[in-house]
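Please look over the sequence and the 3D structure shown here, and then follow the report below, which begins with a pair of helices.

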Amino acid sequence: RGAAKVMIDWPNVTASGNQELGLKPEELQKSKCVLGFIPVIYYSILLSIGVPVNILTVVALCRLASRTKKALYYYLLAVTASDILSQLFIIFVGFLLETAVFHRNVPALLLHSVSVAEFAANHASIWSTVPLSVDRYVALCHPLLHRQISYPARARKIIGVVLATSIASGVPFFWWSDMWRNSHPPTALDAVLIWTHVTIIYFLPCSIFLVLNSLIIHTLRVRQREQLGKTTAMLLAITSVFSILWAPRTIVVIYHLYVSTVHRDWRIHLAYDLSNMLAMLNTAVNFFLYCFVSKPFRSAVRDQQVPTNASISSLYSGNSKRFQRDFTPLSPHGARKPS
């Protein structure tokens, strides 16, 4: 409470001079974006790569889910679908359209409505990994129980609950403030939303990942004969990459709340831009993790290419035969003499 009071009572020594110059309040002590067009280029490349590989991931996981009937692939499908929604709302609509194209000059109602969609997609992307972690923990530490409770119908119900909860949790962020453009220090409402945000997207899921992963590793050490499975390795990779990529943004947001704001300090502005870029990278890396760890996933991806190549080859073969049939000269016996 004392720290918040200090922030609210910050003196603005240039206020009178800027008022005499006729500057608007939002232009007072405004930090500069030192990255220029780099974020636009970065997000454009990330979107052009991330969306196609995520769509390919969805197709491959759908095949594995229908073939194996394992709940694991339904959870991975939920994670990938949520990543696509995050790329659509956060990167395409939020960063590229609203910020880069329209420079946030859009109706306030639209801005706040998009914020709800961004946070809901973000929450769904992160929290879809939690039931996946629980499923892997039960499969490894309680295999008999896992055979009873892990099946596609239950997985779909759990995913539905996660998505509904994510949408509901995004509604309060309708009142999320624009850190880049708000010239005033964070208010009490901003503090509540920021702490709710970092708890939902980082502290709480990371705590769950840490506990479950520790139990899994401890179980593997107790069973010295059992090695780390591919699925467990994939889970550890997903959760570790998420924890690393989202940590800088969490730190910067809390720093913005208690020390210096993004709007006033160009260094915090730079750190916030870079941390956002790093966090959004998490929406496009899972495909490569799956390919590196999972042989069934690589086979499923390879199966997407084989039918395409086969169809192209058959089409080419058919056209070649038709070409030969149409343009092969007639034999002397079959040729008709001119009258």
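The crossing of H6 and H10 is left-handed, a term used when the near helix is turned anticlockwise from the far one by less than a right angle. In this predicted model, residues are numbered from 1 along each chain as its sequence is written, and local features need pLDDT of at least 70, while side-chain atom pairs count only at pLDDT 80 or more and totals for chains, interfaces and linings use all residues. Side-chain values use heavy atoms, with hydrogens and water left out.

The axes of the two helices, which are lines fitted to C-alpha atoms over the stretch in contact, with angles that run from 0 to 180 degrees between N-to-C directions, come within 11 Å and cross at roughly 145 degrees. The table lists the residues that make this contact (heavy atoms within 4.5 Å).

| Helix | Residues in the contact |
|---|---|
| H6 (residues 129-141) | Thr129, Leu132, Ser133, Arg136 |
| H10 (residues 230-258) | Thr231, Leu235, Ile238, Thr239 |

Elsewhere, Glu118 lies in helix H5, which spans residues 108-127. Glu118 is buried, with a relative accessible area of 16%, where buried means under 20% with a 1.4 Å probe and protein chains only. Leaving aside neighbours within four places in sequence, Glu118 is in contact with Phe89, Ile90 and Gly94.

For the protein overall, the secondary structure comes to 13 helices and 0 strands, where helices (H or I, at least four residues) and strands (E, at least two) are DSSP runs numbered from the N terminus. Buried residues make up 42% of the 339 residues.

Notes
Buried means under 20% relative accessible area, exposed over 50%, partly exposed in between (1.4 Å probe, protein chains only).
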